[in-house]
Amino acid sequence: MEFSFNLNDVFKSPIVEITPNLIPPGYAGDRRALWDTVSKVGEIVNQMGAASAAAQGLNKAITTADRIRNSEHKLYFLIDQKANSGKGAVTGMLKTGNKSLYVFDRDGNHYQVQPPCLLDFYVHESKQRNGLGKVLFEHMLQKEGIAPVQMAIDRPSDKLLGFLNKHYSLRDPVKQMNNYVVFDDFFPRRGIPA
Ligand code: ACO
């Protein structure tokens, strides 16, 4: 996704992590420039959030700048720094956060957990199926120090389920009533002698 401003002035690396204050990592400008930068990041969040919602057939974005500001969520953006005649383009977005959830395993045992969750994930239509989703997802796993099976996934699309199957051999999801999905190894193993 392209913007009228130069993305490389806002984001200085090919993958950036945005926290609720919407200040890009390594920001080094003064206070006046900060307002301009934060408003540009807000525009990026809103436009990528809207595109993700459209790609998932949702009529309302689940990722907006306002919602990020009032959350403890983290956003990762993937940037093609050379695109748009050197002004850069945003090619992917991924949102994580911890949620308090009740989850049930296949035997009906329930657990109250606060796992890291995959809340939104989008690669621009023109770039899907080129491995960019894997690059962004792997970066997130490394930064958060987690394995995919430790995550709960909010309303995964068929494309995302295919992605998790292909790259991480996660299949046969355990669907939850709260619309989250986890996989069998998410649960502690029962019945194994210590
Ligand atoms: N149809 C079916 N499977 C797909 C498709 C598609 N159009 N696109 C990606 N996949 C799955 C497949 O398993 C594919 O492997 P294959 O090409 O060998 O069949 C694999 O993902 C490709 O992996 P990457 O190239 O690393 O993934 P990509 O860059 O396409 O990113 C993503 C994956 C984020 C799911 C992307 O396809 C996308 O944005 N889809 C639309 C939005 C969406 O559904 N997001 C997830 C919503 S649910 C949530 O966010 C919690």
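A: In this predicted model, the lining of the second largest pocket consists of four nonpolar, three polar and five charged residues. Nonpolar here means Ala, Val, Leu, Ile, Met, Phe, Trp, Tyr, Cys and Pro, charged means Asp, Glu, Lys and Arg, and polar means the others, Gly among them. A pocket is an open set of points on a 1 Å grid over the protein atoms alone, where a 1.4 Å probe fits, with protein on both sides within 12 Å along at least five of seven lines; lining residues have an atom within 4 Å of a point. The residues that line the second largest pocket are Gln56, Leu58, Ile62, Arg67, Ser71, His73, Lys95, Lys99, Leu119, Asp154, Arg155 and Tyr180. Its space comes to about 210 Å³, taken as the volume filled by probe spheres set on the points.

The largest pocket has about 710 Å³ of volume. Its lining is made up of 28 residues, and those nearest the centre are Phe121, Gln128, Lys159, Leu160 and Phe163. By class, 12 of the lining residues are nonpolar, eight are polar and eight are charged. At least two lining residues come from each of S6, H4, S7 and H5 (DSSP runs: helices, H or I, of at least four residues; strands, E, of at least two). H5 gives the largest share of this lining, with seven residues.

The largest pocket is also the space that the ligand takes up (more than half of its atoms lie within 2 Å of the grid points). Strand S6 (116–123), helix H4 (132–144), strand S7 (152–154) and helix H5 (158–168) each give two or more residues to the shell around the ligand. H5 provides the largest share of that shell, six residues. The shell divides into 10 nonpolar, eight polar and seven charged residues. Among the 25 residues around the ligand (a heavy atom within 4 Å), the nearest are Phe121, Val123, Gly131, Ser157 and Lys166.

On its own the ligand has 960 Å² of accessible area, and the protein covers 85% of it (Shrake-Rupley method, 1.4 Å probe).

Residues are numbered from 1 along each chain as its sequence is written, and side-chain values use heavy atoms, without hydrogens or water. Local features need pLDDT of at least 70 and side-chain atom pairs 80 or more, while totals for chains, interfaces and linings use all residues.
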